Amino acid sequence: MGTSVQVTPLCGVYNENPLSYLVSVDGFNFLIDCGWNDLFDTSLLEALSRVASTIDAVLLSHPDTLHLGALPYAMKQLGLSAPVYATEPVHRLGLLTMYDQFLSRKQVSDFDLFTLDDIDNAFQNVIRLTYSQNYHLPGKGEGIVIAPHVAGHMLGGSIWRITKDGEDVIYAVDYNHRKERHLNGTVLQSFVRPAVLITDAYHALYTNQTARQQRDKEFLDTISKHLEVGGNVLLPVDTAGRVLELLLILEQHWSQRGFSFPIYFLTYVSSSTIDYVKSFLEWMSDSISKSFETSRDNAFLLRHVTLLINKTDLDNAPPGPKVVLASMGSLEAGFARDIFVEWANDPRNLVLFTETGQFGTLARMLQSAPPPKFVKVTMSKRVPLAGEELIAYEEEQNRLKREEALRASLVKEEETKASHGSDDNSSEPMVIDTKTTRDVVGSHGPAYKDILIDGFVPPSSSVAPMFPFFDNACEWDEFGEVINPDDYVIKDEDMDRGAMHTGGDVDGRLDEATASLMLDTRPSKVISNELIVTVSCSLVKMDYEGRSDGRSIKSMIAHVSPLKLVLVHAIAEATEHLKQHCLNNICPHVYAPQIEETVDVTSDLCAYKVQLSEKLMSNVIFKKLGDSEVAWVDSEVGKTESDMRSLQPMAGAASPHKPVLVGDLKIADFKQFLSSKGVQVEFAGGGALRCGEYVTLRKVGPTGQKGGASGPQQILIEGPLCEDYYKIRDYLYSQFYLL
């Protein structure tokens with residue numbers, strides 16, 4: 001029987017809720033993603049709370065709230081203590097995302113679900129992996145190998161491959177097959193016939209019919225039109241995810257057009273975000289990496305974008321039209337919410353959404369058709385205490401300090417008594433028998449007497465008989481001072497409000513103004529009021545989510561052709577649509593489980609462990625195949641002395657092998673290769689490649705294969721037996737390894 005695999009959704013199926021899934025591989029429990037929404041609804045974590053203590057490892061795929069937002073809360077409140085694995089960008093940018101979330105909430109509410117310390121504790125021990133790095137799990141996970149691969153959705157975003165006994169479990173959600181300015185496309189198509197594929201149906205019903213160049217032109221023209229009439233443009237964005245692509249688009253366009261309109265990137269951690277991103281060029285697209293290698297040009301040295309970390313700087317900016325990218329994209333909190341309320345009533349202004357708002361948020365409400373004319377918004381802010389409230393607060397704090405000092409003195413007194421009591425008890429009482437006492441006149445005369453005590457036995461614990469002695473410890477040291485370590489311990493409440501832990505394990509960095517903001521320990525309170533906001537500004541939504549559309553998802557799944565398929569994270573209609581398509585055209589085993597419904601996707605293949613005998617291996621001839629070596633092995637199954645299965649040399653002669661071409665040819669790459677050899681080549685109808693005047697080459701699937709896009713494939717060369725035919729065939733053979 002194959003590797004045992006069970007999948008249990010904890011959140012994010014048949015809806016757009018955050019992503020969180022339990023995947024068990026031979027009894028080893030993976031929590032893949034640990035997301036939360038911008039509403040921080042604790043009811044979404046009920047399923048996770050029931051299994052958190054059983055988790056053996058956590059895998060994070062993307063650095064946004066939907067994929068890792070619940071990690072600090074789960075580790076503080078739910079008993080999650082497993083090691084966490086992620087790429088370096090997901091670790092760093094995810095940390096900043098959670099900082100931004102906390103600070104945004106803390107300024108408008110008494111947010112207490114987690115603190116800055118909880119965020120640091122959750123991220124400080126993350127094990128960082130590079131793309132395609134095979135990591136062998138220790139201990140209970142021995143024999144399991146995990147590896148992140150390019151997803152193409154966000155910087156550092158990952159497709160996770162879990163391998164056990166040669167069988168692959170692939171977790172691929174929110175991937176993008178298209179290459180963008182700062183990211184390469186996904187490598188999901190490089191996996192063929194995995195045992196299990198877990199993927200999302202988020203865009204299964206959406207088809208993108210707009211080319212990237214046309215979409216970018218519409219995006220920039222819309223912004224320019226509003227700026228030129230004196231309006232402002234607000235883009236509600238995430239903290240450190242898809243906003244990076246938008247920054248590059250605006251930066252390049254402003255450089256080409258020479259615009260003077262200012263662009264502001266406003267989050268609590270904007271400076272730290274860009275500082276980190278500048279150091280992650282090797283995780284970005286090939287064009288950005290090559291540009292840096294050749295000319296040392298860093299794409300994120302933003303010359304036309306000003307980084308801001310508080311709204312006061314924006315308010316003090318020169319008047320006039322401007323573009324502001326501000327968090328949060330949901331408009332539930334953060335600077336974007338405040339700016340929207342201020343700008344909504346001006347018809348010259350534009351609010352440009354680049355992704356679908358989370359369900360139940362203000363952004364989602366504004367994206368409805370038709371958009372609302374009025375919206376009710378609750379605005380909150382934190383203000384310092386003053387007057388009688390401040391006096392009452394200070395009196396309460398003084399009372400608490402006195403009580404704390406009194407408790408400390410009582411504890412100290414009890415400790416002192418306990419230490420003295422132990423000294424008293426250490427020597428046993430001396431018993432004098434007065435009946436047997438007699439006077440003895442010594443040499444000193446009658447004025448001096450010795451007392452002899454019959455029956456006195458010194459206690460075994462004493463060195464010599466002596467009266468009780470109390471060591472009065474000095475209250476000061478040799479320098480005349482008393483050092484109390486408790487005076488130098490930072491209280492938890494001060495840490496929560498007054499500092500952000502950036503220890504050596506986390507290496508987090510904050511802007512000075514942000515740090516000073518958190519160090520402001522003045523007494524404060526949150527005040528709220530409801531506003532009716534008139535929505536007179538333009539509301540536009542464009543697709544910059546960076547996800548593959550429905551047609552691409554179906555094509556990708558068909559190419560990967562998994563043995564078993566599990567669908568997650570989509571509304572019910574999209575999930576059922578993709579499920580039926582895959583059942584009819586790709587895979588007979590398709591599952592779409594509900595929350596806490598466990599599906600057993602154990603492979604039907606039978607896997608056995610065998611030992612390769614030394615006698616067999618000594619006769620094997622390996623051939624180089626890229627970075628690996630391969631060879632034919634002709635053997636028969638036997639057993640070793642320890643009764644383990646073993647492959648032994650065959651008793652008789654092995655049958656001859658037919659030559660095998662090993663590799664995967666892409667027609668587009670072969671076209672470029674032929675062009676470099678001087679062959680006139682062009683695409684013909686049906687995906688065929690016309691080579692020269694007489695020869696046609698086409699790639700087809702085996703007879704009867706549905707879709708023709710997965711499994712073993714054939715390459716056909718059609719044409720008369722002429723010089724061109726043999727030349728094209730030799731070129732074709734050169735693209736493979738002959739075994």
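**Helix packing and buried spots in a predicted model**

In this predicted model, helices α4 and α5 are roughly antiparallel to each other.

Q: At roughly what angle do the axes of α4 and α5 cross?
A: Angles over 145 degrees count as roughly antiparallel, and α4 and α5 fall in that class. Their axes, for residues 88-106 and 116-123, come within 10 Å and cross at roughly 165°.

Q: How do the residues of the contact of α4 with α5 divide into nonpolar, polar and charged?
A: On the α4 side, the contact is made by H91, G94, L95, M98, Y99 and F102. On the α5 side are L116, I119, D120 and F123. Together they divide into 7 nonpolar, 2 polar and 1 charged.

Q: How many of the 11 residues of helix α16 are buried?
A: Take a look at residues 550-560: G550, S552, I553, K554, M556, I557, A558 and V560 are buried. The helix is largely enclosed by the rest of the structure, because the buried ones number 8.

Q: Which elements do the buried residues of α16 pack against?
A: Among the buried residues of α16 are I553 and M556. The partners of this buried set are two strands and a helix: β11 (196-200), β22 (564-568) and α17 (572-585).

Q: Is A688 buried or exposed?
A: A688 lies in the loop between β31 and β32. Leaving aside neighbours within four places in sequence, A688 is in contact with E682, F683, T696, L697 and R698. Its relative accessibility is 1%, so A688 counts as buried.

Key
Residues numbered from 1 in each chain as written. Predicted model: local features only at pLDDT ≥ 70, side-chain atom pairs only at ≥ 80, totals over all residues. Heavy atoms only, no water. Axes fitted to C-alpha atoms, helices over the stretch in contact; angles between N-to-C directions. Helix = DSSP H or I, 4+ residues; strand = E, 2+ residues; numbered from the N terminus. Parallel < 35°, antiparallel > 145°, perpendicular 65-115°, else oblique. Contact = heavy atoms within 4.5 Å. Nonpolar A, V, L, I, M, F, W, Y, C, P; charged D, E, K, R; others polar. Buried < 20%, exposed > 50% of the residue type's maximum accessible area, 1.4 Å probe, protein only.
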